[in-house]
Amino acid sequence: ERQNARKLALRSDIITSLSKIYFCNYYVNLETDQFLELDATPEIHAVWRQDWPASRILAESPKLFVAPRYVQEFSRFAYLKTLPVRLEHRHNLALEYVSRKYGWCRAHFIVVARDIQGRASQVLFAIQDINGEKERELKNLQLLQQTAAAAERANRVKSDFLARMSHDMRTPLTTIIGLSD
């Protein structure tokens with residue numbers, strides 16, 4: 001019994017640690033359309049009634065929390081009727097989008113359980129803040145673009161120099177060759 005209690009405590013600690021990666025964590029039962037909040041920000045927590053079905057909550061979420069440019073893509077991602085098929089040979093799905101309040105986020109559906117046919121029946125829906133990651137990615141992209149532009153400029157200067165040198169050398173050489181003949 002004591003060993004089982006330690007194992008349960010360890011599992012609980014591991015789950016708690018993993019859930020800190022995400023600022024919102026929800027359990028979704030795809031068979032019963034049940035939505036259970038495990039952890040959420042106060043602003044998001046205040047919006048949802050716990051008796052609403054998961055499909056309703058995930059259909060309403062994009063309108064309230066997702067930047068307009070990403071609403072349609074997020075809605076397709078969060079559509080629960082197609083989720084078991086999309087998760088058929090996968091353990092998780094993720095989507096990067098911009099939220100209205102938190103900036104860049106990554107939403108995840110992670111399979112918790114499958115039915116006897118192997119279809120996802122229970123999932124974890126979790127949202128992660130990836131602003132820092134995106135900022136680094138954009139800085140690296142800008143640096144790469146600047147480096148490519150500098151290399152292109154250097155290549156043009158080199159080509160221009162070689163073309164002028166070729167012309168400047170050809171003129172006297174043609175004269176010398178002409179006089180020699």
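**Reading a predicted fold, step by step**

Visitor: What secondary structure does the protein have?

Guide: Helices (DSSP runs of H or I, at least four residues) and strands (E, at least two) are numbered from the N terminus. Here you get 6 helices and 5 strands, in the order α-β-β-α-α-α-α-β-β-β-α. The radius of gyration is 29 Å, well over the 16 Å that the globule rule gives for 181 residues, so the protein is more spread out than a compact globule. That radius is taken over C-alpha atoms, and the rule is 2.2 Å times the number of residues to the power 0.38. Along its principal axes, the C-alpha trace spans about 105 × 45 × 35 Å.

Visitor: Which residues touch the most other members of the largest nonpolar core?

Guide: The general idea is that in soluble globular proteins, nonpolar side chains tend to be buried together. A nonpolar core is a set of buried Ala, Val, Leu, Ile, Met, Phe, Trp, Tyr and Cys residues joined through side-chain atoms within 4.5 Å. Buried means under 20% relative accessible area, exposed over 50%, partly exposed in between (1.4 Å probe, protein chains only). The largest core has 34 residues, and Phe 109 and Phe 125 touch the most other members. Elements supplying at least two core residues each include β1 (24-29), α3 (54-65) and β4 (103-114). Beyond its neighbours within four places in sequence, Phe 109 has contacts (heavy atoms within 4.5 Å) that include Leu 58, Phe 77, Val 123 and Phe 125.

Visitor: What is the phi of Asp 33?

Guide: Most residues other than glycine have a negative phi. Asp 33 has a positive one, about 65°, although it is not a glycine. You'll find Asp 33 in the loop between β1 and β2 (34-39), partly exposed at 23% relative accessible area.

Visitor: And where is Arg 156 found?

Guide: Arg 156 is in helix α6, residues 131-180, and is partly exposed at 49%. Its C-alpha atom is separated by 50 Å from that of Lys 63, 93 residues apart along the chain.

Terms used:
Residues numbered from 1 in each chain as written. Predicted model: local features only at pLDDT ≥ 70, side-chain atom pairs only at ≥ 80, totals over all residues. Heavy atoms only, no water.
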